[in-house]
Each structure stands twice: as C-alpha cells, then as structure tokens.
Amino acid sequence: MTTVRWLLAQRRLQLALRGGADGLGRSLDCAVSSELANAGEWLSGGEVLLTTGLRLGDDAAGRRAYLTGLDRVGVAAVGLGVGFGFDEVPRDMAETADELGLPLFEVPLPIPFSAVTRAVLDQIAAQRSARLVTATKAQPRMTRAAASGGSAALVRELAEAIDQHVVLLDTGLSVVATAPRTIPSADLNRIRDLVVRDPASAGAVWMTDDATITVARVGSGGRTYGHLGVVGTSALDDVARMLVGHATSLLAIEHAKPRQVTRDVVDLHDDALALAIDGSVSGPGLHRILGRAADRAGRVRAAVFTFADPEAATQGRRRLVDDLDHRWRPVFVHRDDVEVIALLRGDDHVEFAVGLLAMMNRSAPVSGGIGPPGELREVGESVRQARLACRSAAVGQLVDLCGSRSLLTMNPVRQALADASAQRLSPVIAHDDQHGTDLRASLLAFLEANGNWGVAAAAQGVHRHTLRHRIERIEDMLEVDLSDARTRAELLLMLLGADA
C-alpha cells in the first residue's frame, strides 16, 4: 500500500510537509493536478491533489472551505506548488490541515507536478507487479492445499495470501472452515445476511465503519455448494479478488467431482478408520489420512451410533455420509454390524453429534455416544469410550460420558466392575465357552433394553420366546431375579465395566 508518508520520503522530490501530520498513513492510489476552486466535486478519494492555488486568492475562509471539501471526499493529501500563487504555504491552510489531519505539503518551484505524478504511478505499478508475483506463487499453494488438505486447508492458504479473515459456509449457512481464527459473530451474521439477501451473488460487498465484507458464491452452473466470506479493514484489490475467484473455483471443483471419485475416497477413509479402530495398523501414513478429519490442533473424536439391525445401520451410514459431505466435511464413516462410527473434529461440540443423530433418527431409531477428543493415535480409545457411552443411551439420545463425568470413565471403577463381572458372571461365561452359546450377549441386550422384551429380542435378532427362555436360564445360573431393577442395574454396570 502506497501512503503519503512514502511520498514525502522521496528525497529527489524535495517535498516538505507543512500540516496534517496525523494523516501521513493515508493510502493513495493516484496523483492529479487541478486549479479548480471546487476540485473536490470531481474527485472520489485516495488522490494526491497538486495545485498552485492560483484561484484560492487571499480569502482565508475560502481556503479553509477548499481543504475541508477535499477532506470530505477522501483526498489523501494536497500538494501546493509555491512560486506562483503563493511564495509559501499560508499559515491558515497549515492550521486547517492540522485540524483535519489532511497532509498538506509544499512542492518546490523547480519540481514539476509530473515528477510527483510519475513517482506515485510508478510506485503503484511496482506494488501491483509485486502483488501479481505474490499471487502467481499463492495460486499453486492454494491448489496443493485443496488437493492435500481439502477445503479447510484451502481457506487457511487464502487467508494468508490476502491477509484477511476468510470463512466458508455450507448451503445451510453453517461454518465449514475459518482462518486465520474464528470469525466474530457479528461479522458472521453480516455474511449470512448478505447470502440470504442475494444467494446467487458472485461478489456482494457490505461496508461498515470498521470492516469491509465480501461474499462470493461457490457453485457450478445453477448449483450452489456454499459461500465464501472475506472480512478485512479495506476492500479487496484486483489481485485479492483474483485469488478469491481462484479459491471459489477450486472449492467448486472439489465439491462437484465425479460421484465415483467421491465414493472411492469415502471407501478409502472407511478402511483407514477401520484400521485405526482395530489398532492392527498404525504409522505416519495412516495418521496422515486420518489427519484430514482433525481440527487445527490435530485432534479428532469419535461418535458411535447404534441401530436396531444391520440393514438400518447401512441406511444410516449412507445418510451420515451424505450429510457430512454436504457440510464439506472429510467423510470418515465405518459400519460395524449395527454400529456406525464417525470420526469428527476434536473441536466439534456435542451439539454437532446430536444434530447428526437427530438427522438419522428421523428415518430409523438410533442411539448415540461420543468419545473424548484426542490425538490421531488415540482414535481407538475415543471409539471405545463412544461405544461405552452409546450403550447407556436411550433411543433418540446421545450420551457424552466425559461431559457427564460418568463413573465408567474412571479407571479404578472400571477395574473394580471388571473384576466383579468375572466373578459374578462366571457361570454364564463358562457356559458360553463350553457349549458355544451366547448367553452373555443376550443378557447384555436385555439389560440395555431395561427389561423390554421386544427391544431386546430385536437387538438379538431372535423371537421374544427364545430370549425369554435364555433369560430364565441365566436367572437360574446366577440365582437372581431380573425383574428387579436394582439387580439389572448392578449386572449392567458389571458388563459395561468388563467391556470397557
């Protein structure tokens, strides 16, 4: 940015500041000369106005009105050429300039106005050339960021290139990514207002006292995939607008890629998540893939959703994949029998997972649990705790054990429950081992259903009478009455503690 301070620092021009030092930081975008007494009516702001003052005369009030008018339209500075109308800058003009904070400098007689104009234009051209060079370097970086890190990485690269705040919104106006940090809620609401006012806009602008907001549509043809908002202290220049356009093109390409490519990436992410859950494979390659789902601190957290049967889980997985993709999220979703496991960002709040559960629950009964945030190597642990939380959730409910400070998250309690389970449930476990039965799983399903025969039988995929027969056998083995709520609660805690 070229400022008045820079212009006055050019020694070869021999310019001398006479007033308005407070405005030396004003930016200028051109230099013009005019002898009109009402020159302000022909200017739009940002100019250095050069004049000999021949038409200003000896009227101090007129000279004050002259400078006030120029300041009102945003003139960056005024250069008074001496040796014609004035031998030096009048004191009243210098005082007025100080009051307005409008830089007023003296141009010596030997210095032609064209020299000042040429210096300003050459500097602006040099800066624009430098900005173009910077843009040519930024564009490949943005392309690589989009290819390797997705929309969030691209947003970060764009924000750095244009030195402005950038936020990407999905079609529901939810934040997908923001950089270099979280955008203030007031500015976010202004961006949303601009989108609502003109959803098809390719460059709506909102100027306030302290910010300029620009919104660009991300889309292809008649389809809109989201909107990119830019917030800064000044309007975007040509180069910045070019980079924003490049970013929206990359985002549109990313979102409009062929469906087969999308399915292949989802399947790859599914396999990577399954390997991380299993724990049999680890290392930088796997972590690099999983890192696409991480927040800025490199953390992730798991959410587990349990359906009534594998078919419902398959449908739920499909809906979850579509929803995350619609939200511009890297999709890491894996189905394991009746469970659907999703990898979320570490900074995702519980409310985000609750929204996902509510979306799936509209089509099929589902319960959910969410694990704690952790590093990529801790994915398996987050899944384990999410599963534990999911088991204590009712249909249509999502449980966060860490957020609720459950006893089951405490290692001493889990160990005590595991020990009690091994002793108290040993007859059932021994029977399963000797006869190849699965009485333990039937007991867990019955207890998790809180004694509801229909729900428990559906979870086991057996008839109610079959389940009732199994529970009666278990009651005989353990010498308990499972119609008693306290007994059911104690056994359920033991089973959950053992699985933890």
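Before I start, a residue is called buried when its relative accessible area is under 20%, exposed when that area is over 50%, and partly exposed in between, using a 1.4 Å probe and protein chains only. What I am showing is a predicted model, in which local features need pLDDT of at least 70, side-chain atom pairs count only at pLDDT 80 or more, and totals for chains, interfaces and linings use all residues. Residues are numbered from 1 along each chain as its sequence is written, and side-chain values use heavy atoms, with hydrogens and water left out. Helices (H or I, at least four residues) and strands (E, at least two) are DSSP runs, numbered from the N terminus.

Let me begin with helix α14, residues 426-435, where V428, H431 and D432 are buried. Looking down the axis of α14, these buried residues fall within an arc of 100°, so they line one face of the helix; the arc here is that of the directions from the helix axis to the C-beta atoms. The face turned away from that buried side carries D433 and Q434, which are exposed. As for partners, the buried residues of α14 pack against α15 (439-448) and α17, where contact means heavy atoms within 4.5 Å. After α14 comes G436, which has a positive phi, near 70°.

The buried residues of α5 are D187, L188, I191, L194 and V195, and, seen down the helix axis, they fall within an arc of 120°, so they line one face. On the other side of α5, S185, V196 and R197 are exposed. Which strands do the buried residues of α5 pack against? They pack against β6 (165-170), β7 (175-179), β8 (204-207), β9 (212-220) and β10 (223-232).

I would now like to turn to the backbone. Most residues other than glycine have a negative phi, and most peptide bonds are trans. The peptide bond from A179 to P180, however, is cis, with omega near 0°, and P180 sits in the loop between β7 and α5. D163, although not a glycine, has a positive phi of about 55°; D163 is in the loop between α4 and β6, and is exposed, with a relative accessible area of 68%. E479 also is not a glycine and has a positive phi of about 55°. E479 lies in the loop between α17 (464-478) and α18 (485-499), and at 72% relative accessibility it counts as exposed.

Next, a pair of helices. How do the axes of helix α4 (residues 113-162) and helix α6 (residues 238-255) cross? They come within 9 Å and cross at roughly 25°, where axes are lines fitted to C-alpha atoms, for helices over the stretch in contact, and angles run from 0 to 180 degrees between N-to-C directions. α4 and α6 are therefore roughly parallel to each other, given that angles under 35 degrees count as roughly parallel, over 145 as roughly antiparallel, 65 to 115 as roughly perpendicular and the rest as oblique.

Finally, A61 belongs to helix α2, residues 60-72, and counts as exposed at 53% relative accessibility. A61 and R318 are 257 residues apart in sequence, and 76 Å apart in space, C-alpha to C-alpha.
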